[in-house]
Structures are given as structure tokens and as C-alpha cells.
Amino acid sequence: MTLLELRDIHTYYGNIHALKGASLRVEQGEVVTLLGSNGAGKTTILRTIQGLLRPRQGSIRFEGRALESLSTEAIVRLGISQSPEGRLIFPRMTVQENLEMGAFSRRDSLGIKADTERVLMLFPRLRERISQKGGTLSGGEQQMLAIARALMARPRLLLLDEPSMGLAPMLVTQIFSIIRDINTQGTTILLVEQNARMALTVAHRGYVLQTGQIVLTGTSKDLQSNETVRKAYLGET
Amino acid sequence: MKRWQNAILYLVVIYLILLLGPVAGLDLPRIFGEIARSPASLVQQLLVGIVNGAIIAIIALGYTLVYGIIELINFAHGDLFMLGSFMSLTVVGAFGVGDGASPAASLLAVLSALLLSASLCAGLNVLTERYAYRPLRNASRLAPLISAIGVSFIFINLGLFWGGLRSFFPIMGANAASPKSFPDLLPRVDVLQALGIEANIAFTTKDLIVLVVAVVLMVGLHLFVQYTRLGKAMRATAQNREAAKIMGINVNQIIALTFLIGGALAGAAGLLVGLYNNTVVFTMGFTVGLRAFTAAVLGGIGNIIGAMLGGVLIGVLSALSDQYLSSRWTNAWVFAILVVILVFRPGGLLGENVQEKV
Ligand SMILES: Nc1ncnc2c1ncn2[C@@H]1O[C@H](COP(=O)(O)OP(=O)(O)O)[C@@H](O)[C@H]1O
Ligand SMILES: [Mg+2]
């Protein structure tokens with residue numbers, strides 16, 4: 001079943017035409033990765049999906065429902081949450097409070113409690129830091145918190161924007177293994193990455209974005225063996 | 001280059017303080033002599049300062065809440081507080097309670113004034129945000145600041161106009177611009193005497209009531225911001241508006257809520273100042289507003305506990321200046337404190353100490 005479908009999306013920053021007719025699809029249960037170099041428009045796609053930017057043209061459907069005219073609050077309530085680029089942790093709130101903010105769109109306190117327990121199982125480090133201020137965490141811990149916070153919305157679609165950015169290789173491996181666990185536990189994921197090698201090991205399918213347009217799509221296996229991808233994104237010659 | 005500029009700035013500030021000192025009566029031997037002669041009057045001034053400071057703190061919270069959430073110095077806030085005091089005076093006048101009215105009638109009048117003054121100021125503040133600041137949210141930082149100064153002028157003139165409506169509200173007195181006397185409605189039972197403490201210090205139920213109301217408002221705000229869902233959303237929006245949006249927080253609503261709360265506090269402060277000082281005037285928004293703004297900066301603008309601390313400190317310093325220096329110079333001292341903090345410690349006493357990591 002198709003969970004999310006973008007058709008011919010055009011998004012602008014003032015006069016800058018950032019997305020030039022991007023289309024993509026995410027099926028229920030998948031991990032789909034969106035690859036592309038810096039400035040390709042990956043973050044812009046995620047912000048457009050969540051209603052933080054308005055597309056000037058094109059349609060976004062989530063379970064058949066049009067998102068283009070909904071507020072971000074409504075979109076989060078429908079079940080799309082995000083771990084944003086740069087993590088955007090609330091620096092003077094504790095880890096606990098950051099998690100509570102992740103659940104802002106929900107009112108079921110029992111469910112929120114259960115999900116807090118669940119994300120602390122996924123990220124035991126956060127349990128150790130639970131009453132520490134977000135701003136005092138290390139980069140890796142902040143990334144874990146950003147993902148955990150997004151999970152607190154109990155999303156049906158989780159958007160992850162470059163979760164490996166700036167992390168040591170060992171931490172990257174750990175984060176990707178947790179992303180796989182999250183998916184196995186039933187959450188559909190749209191994963192934006194510059195680290196194509198890692199992304200393609202967890203994703204079922206992928207899209208390659210170049211200057212605001214999708215130039216390539218296929219299963220991870222296809223993309224891993226694709227000549228262009230190997231050259232441009234896997235650093236092979 | 002930068003270092004030179006700083007050095008010159010420091011020298012100017014130190015020079016101004018040295019100059020201001022003797023002119024404004026900062027004569028330490030005389031002051032210590034006075035304190036030694038009458039320690040009770042020092043305690044008396046400290047008490048007066050604390051009560052006034054608690055009111056200042058409530059106004060300072062309005063500056064700090066708004067600055068915390070949209071980084072705007074709301075120049076109109078002091079004048080909003082002044083309108084609150086006029087609303088309180090109008091309501092008290094409508095109830096026809098004068099000095100020494102019966103406790104029941106006074107209580108009813110005071111509670112009505114609190115409700116109406118807080119509602120008026122909350123409503124005006126929300127409207128100001130909606131129509132004077134929100135349209136400029138993505139403009140350069142100077143634009144909303146200038147807009148705030150414009151709103152301040154509007155409020156001041158509204159106060160002047162209101163103060164001249166003596167045919168509708170006789171309590172406004174003959175002259176629109178002159179200070180208006182506010183009925184002395186709070187009971188004055190000597191608290192210390194009732195507790196069996198013999199001292200030459202006046203601390204009455206009037207002081208106590210104002211202090212208790214102010215403290216209840218401050219504690220209430222602190223609990224709200226710290227522990228409720230909406231209060232946490234306010235903090236989240238203040239710390240990272242983009243992240244707050246991503247959490248599904250309606251940041252426009254939260255910003256409006258912040259103005260609502262700040263406005264209600266200003267309205268309450270308007271009533272308290274009337275009840276405590278028994279005089280209100282349309283220029284009060286500037287004079288008291290300046291103290292409150294300095295208090296907010298002193299505590300660290302954006303910091304709620306800082307505003308409370310700063311308010312009490314400014315109140316006490318003002319009272320001491322009134323007593324031992326000269327009340328004419330008190331505003332100058334408050335300004336001097338403001339300049340010194342801005343130059344030497346722009347983050348204030350409780351400036352944010354948690355650095356954001358990139
Ligand atoms: N706030 C902005 N204002 C103007 N242009 C922007 C802004 N954010 C991004 N862009 C431009 O949009 C394009 C896509 O950016 P982005 O989506 O951030 O790329 P990516 O996430 O793939 O690195 C880039 O050319 C970038 O310069
Ligand atoms: Mg990006």
C-alpha cells in the first residue's frame with residue numbers, strides 16, 4: 001500500500017527554484033532513501049512534506065489524503081514526524097522534556113509513557129542522560145535524542161534528515177542499525193543521506209536527487225551496482 | 001579595533017559613574033552615618049524596596065517573556081502597564097469606593113479591577129502582537145522595534161485621552177496629564193505589632209497583601225512555564241522555533257499566549273502599583289517601565305527567574321537611592337545600572353549558561 005506519494009513537486013525559496021518537479025513514493029513498511037549531494041534539495045523535500053514549506057505546484061498524498069494545504073500541526077497529527085537536519089534539540093530542556101515535546105501532538109498519556117520506555121530501550125544512552133539538558137549532550141547523543149524525539153509522535157512515517165552527519169564511523173554504524181530496528185518494529189522511514197553506502201545497506205529502495213529533480217530510482221541493489229551512483233555517491237572511480 | 005572601542009566605552013562608563021557619584025549625593029561617610037543612627041530606617045527601605053521590586057518584577061516578566069520568545073524588546077510594555085493602572089482606577093471609581101471604604105466593598109472593587117485590568121492588557125497585548133509585530137516577523141530586526149515604539153506612543157496618548165475623560169470618570173480628576181490619586185483600599189494593620197515585634201518599622205497588611213499577590217503571580221508563572229504542556233511549548237518555541245514547529249506546536253498560538261500572559265501580568269501590576277503607591281500618571285509607563293526593563297536586563301533578558309531577581313534588586317536599589325541619595329537621581333542610577341550591565345555583562349546576572357552545540 002502506498003503511504004506517501006509526491007507528484008511533480010515544485011518548491012521555491014523566494015525566486016530560487018529548489019525543487020523542480022520531484023516525484024517519489026514510499027510504500028507502507030519500507031525504508032526509502034533519498035540520496036544526493038549537498039544542495040540537491042533533500043532537506044527541502046522533507047520540509048515540503050511536513051508543511052514547513054508550501055509547494056507552488058504538485059501534490060502530496062499521505063494515505064490518499066492531500067497534505068499541501070494542511071498545517072504542520074495537522075500533518076504531525078496524521079503521523080509524519082521528523083528528525084531534522086542539524087538535530088535542532090531544545091538546548092535548555094532536559095532529555096525527558098525534549099521527548100515530551102516530541103509527543104506534543106498526542107494526548108494519550110499512557111501511550112506516551114509506553115513510548116518513552118520504548119525509545120529509552122532503543123537508546124539506553126538517553127536513559128543515563130534523562131535529566132541532563134539537551135545542550136550538554138555530545139553530537140552523537142543529540143542525534144539519538146532527535147530520532148527518539150521524532151519517534152515519540154508515534155509516527156507512521158518517520159523522516160530522517162542526515163542522521164549520520166558529523167558522527168564518528170562507529171556511531172554511524174550504531175545509528176543505522178537502530179534505524180533498521182525501528183523499521184523492523186513497524187515504522188516506515190524516508191531516510192535522507194549523503195552517506196550513500198550506509199543508506200543503501202538499510203534501505204529497500206532509493207531515489208537520487210540532483211538540483212531539485214529525481215534523476216534515478218531503483219532498489220538498493222540496483223543503485224549499488226549502478227555506474228552513476230558508484231561514481232558520484234559511492235566514491236568509486 | 002574592537003578592543004580599543006571597548007576600552008573607550010569602559011572609560012566613558014567609569015567616568016560617568018565617578019561624575020554621577022558626588023553630584024547625585026553618593027557620599028559614603030554621610031550614608032553610613034545615617035544608617036548607624038537609624039538602622040530601622042534601612043530595614044524600612046529594604047521592605048519598601050522588596051514590595052516595589054516585586055511589582056517591578058511582574059512587569060519585567062512581560063519584557064522577558066516576549067524577548068525570550070521573539071527576541072523583541074517590547075517598548076510598549078511599560079505603557080500597557082500604565083493603561084492597566086488607568087483601567088483599575090476607572091473600575092475602582094465606578095464602584096464608588098474611596099479611602100477607608102468597607103472591606104467587603106473594597107474587596108469586590110479590587111477583584112473586579114484585577115479581572116478587568118488583566119483582561120484589557122492581555123487583550124491589547126495579543127492584538128498588538130497580531131497586528132503590529134507578527135506581520136514584521138520576517139522583516140529586519142529593526143522593523144518590529146520601531147513598530148513597538150509606535151505602539152508605545154499610541155498607548156501613551158490613549159492614557160492621556162483616558163485621563164481626560166473626567167465627565168465619564170470623575171475619579172480621573174481635573175487634569176488629564178497630572179497624577180491621579182488612587183484610593184487607599186488595602187487595610188493597614190501593623191503586621192509586626194500583631195506579631196508582637198516591637199520595632200520602629202511600618203510593615204502593614206497593605207505591604208503584605210501586595211507582596212503576597214506579586215509572589216503568587218510569580219510562582220504561578222514559574223510553575224506554568226516549568227511544568228505544564230503549554231508552558232513547555234512556550235519554552236520550546238523560545239529555544240528553537242523551527243524545532244517547535246516540527247514537533248507539531250502551533251507557534252503562532254504559543255507566541256500569542258506569551259503576549260496574553262505578559263499582558264495579564266502588566267494589568268495586575270497596574271492595579272498593584274495603584275493600590276500600593278496611591279497615585280497613577282500617564283508617564284508611569286516610561287518611568288516604571290524603565291525600571292522593569294532594567295530589571296529584566298539585569299537578571300538576563302529572556303530568563304524568568306532572572307527577571308524576578310532583577311525586579312527585587314532594582315526595587316531595593318531604588319528605595320535605597322530614594323532614602324540615602326536623592327529621589328531625583330534614582331532614575332539616573334537605574335539608567336546607569338542599565339548601561340553598566342549592557343557594557344560589562346550583556347547576558348545579565350543569570351545569563352544563559354548552557355551553550356548550544358552545533
Ligand atoms: N532558506 C533558504 N533560502 C534560500 N535558498 C535555500 C534555503 N535553503 C535551501 N536553499 C537552497 O535550496 C537548494 C536545496 O537546498 P537543500 O534542500 O537544503 O539541499 P540538501 O538538503 O540536499 O543539501 C540549495 O540550492 C540551497 O541553496
Ligand atoms: Mg540538507
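Colleague: Are R235(B) and E97(A) buried or exposed, and what do those words mean here?
Modeller: R235(B) is buried, and E97(A) is too. Buried means under 20% relative accessible area, exposed means over 50%, and partly exposed is in between, with a 1.4 Å probe and protein chains only. This is a predicted model, in which local features need pLDDT of at least 70 and side-chain atom pairs pLDDT 80 or more, while totals for chains, interfaces and linings use all residues. Residues are numbered from 1 along each chain as its sequence is written, chains are lettered from A and ligands numbered from 1 in the order in which they are written, and side-chain values use heavy atoms, without hydrogens and water.

Colleague: What makes R235(B) and E97(A) a salt bridge?
Modeller: Their closest N and O atoms are 2.9 Å apart. The rule asks for a side-chain nitrogen of Lys or Arg within 4 Å of a carboxyl oxygen of Asp or Glu, so the pair qualifies. R235(B) is in helix 9 (residues 229–239) of chain B and E97(A) in helix 3 of chain A, so this pair joins two chains. Helices (H or I, at least four residues) and strands (E, at least two) are DSSP runs, numbered from the N terminus.

Colleague: How many salt bridges are there between chain A and chain B?
Modeller: The count is three. E242(B) with R47(A) is a salt bridge too, with the closest N and O atoms 2.8 Å apart. Over all chains the count comes to 19.

Colleague: How do you know how many residues of chain A are in contact with chain B?
Modeller: Contact means heavy atoms within 4.5 Å. By that rule, 28 residues of chain A are in contact with 23 residues of chain B. The area buried between the chains, that is, the accessible area (1.4 Å probe) that two parts lose on being put together, summed over both, is about 2500 Å², and carbon and sulfur atoms give 58% of that. In chain A, F90(A), R92(A) and F104(A) lose the most area to chain B, together 29% of what that side buries.

Colleague: Why is E85(A) called partly exposed?
Modeller: Its relative accessibility is 35%, so E85(A) falls in the range in between.

Colleague: What about N278(B), buried or exposed?
Modeller: N278(B) has a relative accessible area of 18%, so it counts as buried. N278(B) lies in the loop between helix 11 (251–277) and strand 2 (279–280) of chain B, and its phi is near 60 degrees, a positive value in a residue other than glycine. Most residues other than glycine have a negative phi.

Colleague: How do you know whether E71(B) and R141(B) are a salt bridge?
Modeller: They are one, with the closest N and O atoms 3.4 Å apart. Each lies in a loop, and the pair ties together parts that are 70 residues apart in sequence. At 46%, E71(B) is partly exposed, whereas R141(B), at 57%, is exposed.
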